[in-house]
Amino acid sequence: MAELYLEDEVFGDLLPFIRDDQITDINYNGSDLWVDHLTRGRYRAAGYQADKGFLNRFSMRIANLMNRSFNQYEPLLEAETDELRISIIHESVTNTGRSISIRKTPGIRRLNRRRMLDTGYCTEELDIFMANAVRAGLTLVAAGLPGAGKTEYLKAMTAYIPASRKVITVEDNLEIRYRTINPDKDGIEIKVGDTFSYGKAIKASMRQLPGWLILSEARSLEVQYLLESMSTGVSCMTTIHTDDVRKIPDRICSMMKKDVTDDVYSFLNLGVLIGCYNVPGKGICRRIEQAALFDRSQGVNTMTVFYEDGRMTRPKIPETMMRKFAFAGISDPFYEAV
């Protein structure tokens, strides 16, 4: 999918929502406009009414720029700008009118340690451990339900990847923006599509000698190629949909449609669960709910949940992981040397 450039006037009455940096998603369902706000949560924009003329002009402008038809025979129109992902569904295939979804994908890092501590996202001790884990190249899966902020957490963790490690991101929609948020680091951003699948992209990535491979979301069989990458020693990050770190191995097996439990415990080191809540009077609150270590030693699979409900323990770190820490010059992963 080619990227395009849209002038401000194209967005009409939607422009204030486009310009508001606190709004991440804009969705028109044929009669009402709903927006996702970082602090207010999801709410209906009271009083907003889109006229049919604007809907047609907006859709046709994008269709023309994309050199695509948009009608009852081709009812789906998708496009991307540098910071927006747009999807429009024609009213001929809905019972509620034309649907417009706009997701913002700016090249900014919203999370850092100060913000995490100020908002109760996690404890400082956990973030220090996770920072050391990334510096040491431990593999990581961020889990959570849709909208929890899993990709934002991956973006935060990329700050700790050493500049000398080459990073390749693989996404169907560019959201991580590794080179933009890490301008002094070595990175390649690969976008998959109809002619270049996840499998092909991951295989091609391995020939580029990456230190890190980051997959924005593991949804299906592409997780097989990710596990194969992990097995070669390449450090990896990705996100998956689940509601408990303890379910990560089963979720991966379900995506691959076969039992790969031993491989998961062999090659995955860390899992974190991110929760998202709408708290009355405060709006949206996100936080790390759980963190766990995964290990397979002497034929035995072990999962250790060491962070839950804001409380952290200091578990015995498996020898395979301690070797990675030691190689990175980290003697105590729970301590950050100045």
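## Basis and numbering

Helices, of at least four residues, and strands, of at least two, are DSSP runs numbered from the N terminus. The model described here is predicted.

Nine strands form an open sheet with mixed pairing, in the order 9-8-10-11-7-12-13-14-15. Its edges are strand 9 (187-191) and strand 15 (311-312), each of which pairs on one side only.

Strand 12 (residues 270-279) runs antiparallel to strand 13 (residues 283-297), and the two are joined over ten bridges. Within this pairing, Leu 273 has Gln 290 of strand 13 as its bridge partner. Helix 9 (residues 248-256) lies across strand 7 (140-144), strand 11 (235-241), strand 12, strand 13 and strand 14 (300-308). The angle between helix 9 and strand 11 is about 85°.

Strand 8 (residues 167-171) is mostly covered, with five of its five residues buried. The burial applies to both faces: Val 167, Thr 169 and Glu 171 lie on one side, and Ile 168 and Val 170 on the other.

On one pairing, strand 8 is parallel to strand 9 over five bridges, and Thr 169 stands opposite Glu 189 of strand 9. Strand 8 also pairs in the parallel sense with strand 10 (residues 212-215), over four bridges. There, Ile 168 has Leu 213 of strand 10 as its bridge partner.

## Two loop residues

Val 192 is placed in the loop between strand 9 and helix 7 (198-206). Its relative accessible area is 10%, so Val 192 counts as buried, the cut-off for that class being under 20%. Beyond its neighbours within four places in sequence, Val 192 is in contact with Val 170, Glu 171, Asp 172, Ser 197, Tyr 198 and Ala 201. Of these contacts, Val 170 and Glu 171 are also among the buried residues of strand 8.

Lys 316 sits in the loop between strand 15 and helix 11 (319-327). Lys 316 is classed as exposed because its relative accessible area is 72%, where the class requires over 50%. The C-alpha atoms of Lys 316 and Asn 67 are separated by 58 Å, and the two residues are 249 apart along the chain.

## The largest pocket

The largest pocket has a volume of about 1200 Å³. It is lined by 43 residues, of which Gly 147, Ala 148, Gly 149, Glu 152 and Arg 286 are the closest to its centre. Divided by class, the pocket lining comprises 18 charged, 15 polar and ten nonpolar residues.

## The cavity

The structure holds one cavity of 30 Å³ or more. Helix 8 supplies the largest share, three residues.

By class, the lining of the largest cavity has eight nonpolar residues, one polar residue and no charged residues. The lining of the largest pocket, in contrast, includes 18 charged residues.

Terms used: Residues numbered from 1 in each chain as written. Predicted model: local features only at pLDDT ≥ 70, side-chain atom pairs only at ≥ 80, totals over all residues. Heavy atoms only, no water. 1 Å grid on protein atoms, 1.4 Å probe; cavity = no way out; pocket = protein on both sides within 12 Å on 5 of 7 lines; lining within 4 Å. Points joined across faces, edges and corners; volume = space filled by probe spheres on them. Nonpolar A, V, L, I, M, F, W, Y, C, P; charged D, E, K, R; others polar. Pairing = 2+ DSSP bridges. Contact = heavy atoms within 4.5 Å. Axes fitted to C-alpha atoms, helices over the stretch in contact; angles between N-to-C directions. Buried < 20%, exposed > 50% of the residue type's maximum accessible area, 1.4 Å probe, protein only.
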